[in-house]
Structure formats: C-alpha cells, structure tokens
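Thanks for coming, everyone. Please have a look at the structure on the screen, and then I will walk you through it slowly, one part at a time.

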Amino acid sequence: MSWFTWTAPQTVWAQPVYYDYGQGGNVVYNDNSVYINGDQVATTTEFAQSAAELATVAPPASEEEASKVEWLSLGTFTVSAGEKDVDPNRIVQLAVSKEGIISGTLYNTQTDKTQSIQGQVDKETQRVAFRVGESEDIVIESGLYNLTQDEAPLLVHFGPDKVENW
C-alpha cells in the first residue's frame with residue numbers, strides 16, 4: 001500500500017491596487033524620489049527605468065506559440081492628455097494574456113495612423129507598463145485594476161527625466 005499526502009492548492013486573492021498619479025494621489029514624485037502610499041520606492045530615474053523594463057516584452061518564439069496565447073479584453077479607451085483635452089484623438093484597445101502580457105493598438109483619428117502596443121503586468125504589484133509603436137523612450141503605465149474602471153489615470157514617461165499625468 002502506498003501512502004501519499006495531498007495538499008490542496010492555496011489561492012491567494014490580492015486586493016486590487018489603484019494607482020493615482022500626482023498631487024493627492026497615492027503615487028507622488030517629490031524631491032527626485034517616487035513615493036507610493038507614502039513609502040519611498042525609488043528615485044525618479046529608477047522608477048522610469050523599472051517601467052521601461054516592465055514594458056519590454058520578448059516576442060513569441062514561434063507563430064505556433066503566438067497562436068496559442070489566450071487574450072482577455074481590457075477594453076477600448078479614449079486617451080486624453082489632460083482635463084483640457086476635451087476631444088481626444090487617440091483610441092486604445094487593450095488585451096491581457098493569462099501570462100500578464102499586454103497587447104493592443106493605438107489609433108490616432110487626427111493622423112489616421114495605427115500603432116501597436118506591447119507591455120506587461122507586474123503580477124506582484126499589479127503595475128502595468130507598455131510601449132506604443134517603435135518608441136524606446138515613451139512608456140505608459142497604470143494599474144491593472146485602473147484599466148477595469150471607466151476612467152484610468154496614466155503616467156507617461158518621456159525617457160527617464162520627464163513624466164506627465166494623463
């Protein structure tokens with residue numbers, strides 16, 4: 001007779017994390033440092049670099065591997081650069097894979113151009129970062145939970161030295 005021990009898999013349910021950038025939010029830039037919920041997490045350069053690393057995704061090894069990916073739609077969004085941008089001309093469609101890869105498109109109604117989006121989710125922090133088109137400098141970030149809401153604040157990195165809240 002053989003004896004074995006069976007252990008039920010443990011499920012960890014993480015609380016959704018909402019990222020709100022700028023004054024009054026939980027992600028704040030102050031004195032060359034970034035604070036999340038009042039805790040210093042990085043310098044501004046380190047924070048931008050971590051977003052760029054998160055947004056960098058290796059392509060699938062083969063067409064066969066790419067065709068096996070299951071995608072879940074995050075939705076279609078209009079993107080405005082601020083409150084004064086009342087007629088946004090950018091439309092974004094996003095999807096996420098079970099592995100945490102972000103994919104989608106950005107369509108600019110003004111220029112009639114479409115660019116691809118690629119990035120990923122940090123499964124531990126629920127932070128999402130992605131690149132638009134071929135740009136190495138522009139990285140957009142938000143939270144995964146943010147992208148399930150009607151409106152989602154974005155932090156746009158223009159290289160390591162400049163950010164804007166959208």
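Predicted model: local features only at pLDDT ≥ 70, side-chain atom pairs only at ≥ 80, totals over all residues.

Before I point at any residues, I need one definition, namely that two strands are said to pair if DSSP finds at least two bridges between them. With that in mind, look at Ser73, which stands opposite Ala95 in strand 5.

Let me step back to the whole protein. It has two helices and eleven strands, and if you read along the sequence, they follow the pattern β-β-β-α-α-β-β-β-β-β-β-β-β. The C-alpha trace spans about 75 × 40 × 30 Å along its principal axes. Of the 166 residues in the protein, 36% are buried. As for the contacts with a separation of 6 or more, 36% of them are between residues 24 or more positions apart.

Next, let us return to strand 5, where we started. Strand 4 and strand 5 pair in the antiparallel sense, over eight bridges, while seven bridges join strand 5 to strand 6, and these two also run antiparallel. Strand 5 and strand 6 form a hairpin with three residues between them, and in the turn Gly100 has a positive phi of about 90°. Is strand 5 mostly covered or mostly open? It is mostly covered, with six of its eight residues buried.

Rolling a probe the size of a water molecule over the atoms shows where empty space is left. In the largest pocket, this space comes to about 840 Å³. Which residues lie nearest the centre of the largest pocket? They are Thr78, Val79, Ser80, Leu154 and Trp166, out of 34 residues that line it. Several strands each supply at least two residues of this lining, including strand 5 (90-97), strand 6 (101-108) and strand 7 (113-121), but strand 4 gives the most, with four residues. Sorted by class, the lining has 20 nonpolar, eight polar and six charged residues.

The second largest pocket has a volume of about 300 Å³. It is lined by 15 residues, and Val57, Ala58, Pro60, Trp71 and Ile101 are the closest to its centre. Helix 2 (63-67), strand 6 and strand 7 each supply at least two residues of its lining, and strand 6 gives the most, with three residues. By class, there are ten nonpolar, three polar and two charged residues in the lining of the second largest pocket.

To close, let me bring you back to strand 6, which is joined to strand 5 by seven bridges and also gives the most residues to the lining of the second largest pocket.

Key:
Residues numbered from 1 in each chain as written. Heavy atoms only, no water. 1 Å grid on protein atoms, 1.4 Å probe; cavity = no way out; pocket = protein on both sides within 12 Å on 5 of 7 lines; lining within 4 Å. Points joined across faces, edges and corners; volume = space filled by probe spheres on them. Nonpolar A, V, L, I, M, F, W, Y, C, P; charged D, E, K, R; others polar. Buried < 20%, exposed > 50% of the residue type's maximum accessible area, 1.4 Å probe, protein only. Contact = heavy atoms within 4.5 Å.
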